[in-house]
Amino acid sequence: MGLQQIIGALAIGMLGVGAAMPLSAEVVQSSPAGFEIAQTVTVDKPIDQVWQTLRSPQKWWDKEHTYSGDSANLYLDAQATGCFCEKLPGKGSVEHGHIVYVEAPRALRLHAALGPLQAEGAVGALTFTLEPDGDKATKLTMRYVVGGYIRGGADAIAPLVDKVMGIQIAHLKDAAETGAASDPPGDRPDAK
């Protein structure tokens, strides 16, 4: 599957998404050689609880953006050189990224070429920062900086990556606030 087909599939997949988008989301900059996106949300839970949820991607990462179709197969070893990985059927696995920086409970950085970027000549730095917002809330910021050779140009895929990462941040917020795994809205019993 070529990059243009992947972009098309991502765009179609976005049509059915009803998750709340982040308070602040933007493609900060983009060019054919790379892009930077940023997402910020306020989570109505203390920083330690948000940190624990962040470290458990199986509770919040959207299953539509996994290789196995099941978020329960995700795991994260939150220490330097640790893996954000996924178990696949038949004893397979995929590395979504690896941890390069941890400052609990304030920062987590991965080197990651997520999704279709993994098949390109791209590298990415995915950074989550957490700051207390009063006693009972946390400001969570995600920045994703990607560069390298991307067939079709990085600027073409940047808005779609921004939307997909917005879904992930919305699910992270939901999982932290409810304490439950976050399913896509269409899979929830209360979804309309």
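Guide: A residue is called buried under 20% relative accessible area, exposed over 50% and partly exposed in between, with a 1.4 Å probe and protein chains only. The structure is a predicted model, in which local features need pLDDT of at least 70 and side-chain atom pairs count only at pLDDT 80 or more, while totals for chains, interfaces and linings use all residues. Residues are numbered from 1 along each chain as its sequence is written, and side-chain values use heavy atoms, with hydrogens and water left out.

Visitor: In what order do the elements of the protein chain run from the N terminus on?

Guide: Helices (H or I, at least four residues) and strands (E, at least two) are DSSP runs, numbered from the N terminus. The protein chain has three helices and eight strands. Read from the N terminus, the order of these elements is α-β-β-α-β-β-β-β-β-β-α.

Visitor: What percentage of the contacts between residues at least 6 apart in sequence joins residues at least 24 apart?

Guide: A contact requires heavy atoms within 4.5 Å. Among contacts in the protein chain between residues at least 6 apart in sequence, the share joining residues at least 24 apart is 54%.

Visitor: Is Gly124 buried or exposed?

Guide: Gly124 lies in strand E7, and its C-alpha atom is 5.3 Å from that of Ala113, eleven residues away along the chain. Beyond residues up to four places away in sequence, Gly124 touches Leu110, His111, Ala112, Tyr144, Val145 and Val146. Because its relative accessible area is 8%, Gly124 is classed as buried.

Visitor: Which element gives the most to the largest nonpolar core?

Guide: A nonpolar core is a set of buried Ala, Val, Leu, Ile, Met, Phe, Trp, Tyr and Cys residues joined through side-chain atoms within 4.5 Å. The largest such core has 39 residues, and Phe35, Leu110, Phe128, Tyr144 and Met165 touch the most other members. Strand E2 (34–43), H2, E3, strand E6 (107–111), E7, strand E8 (138–149) and helix H3 (154–178) each supply at least two residues of this core. With nine residues, the element that gives the most is H3.

Visitor: What is the angle between the planes of Trp60 and Phe128?

Guide: Rings of Phe, Tyr and Trp (its six-membered ring) pair if their centres lie within 6.5 Å; planes under 30 degrees apart count as stacked, over 60 as edge-to-face and the rest as tilted. The count comes to four aromatic pairs. Trp60 and Phe128 form an edge-to-face pair, 6.3 Å centre to centre, and the angle between their planes is 80 degrees.

Visitor: How many residues apart are Trp60 and Phe128?

Guide: Both Trp60 and Phe128 are buried, and together with Trp61 and Phe84 they form one aromatic cluster. Trp60 is in the loop between helix H2 (47–54) and strand E3 (74–76), Phe128 is in strand E7 (residues 121–132), and the two are apart by 68 residues.

Visitor: With which residue does Glu36 form a salt bridge?

Guide: A salt bridge is a side-chain nitrogen of Lys or Arg within 4 Å of a carboxyl oxygen of Asp or Glu, and the structure holds three. The closest N and O atoms of the bridge are 2.7 Å apart, and the partner of Glu36 is Arg143.

Visitor: About how far along helix H3 are Glu177 and Lys173 separated?

Guide: The side chains of Glu177 and Lys173 meet in a salt bridge at 2.7 Å, N to O. Because they are four residues apart in helix H3, Glu177 and Lys173 are separated by about one helical turn.

Visitor: How far apart are the sulfur atoms of Cys83 and Cys85?

Guide: A disulfide is a pair of cysteine sulfur atoms within 2.5 Å, and a search of the whole structure finds one. Cys83 and Cys85 are both buried. They form a disulfide, and the distance between their sulfur atoms is 1.3 Å.
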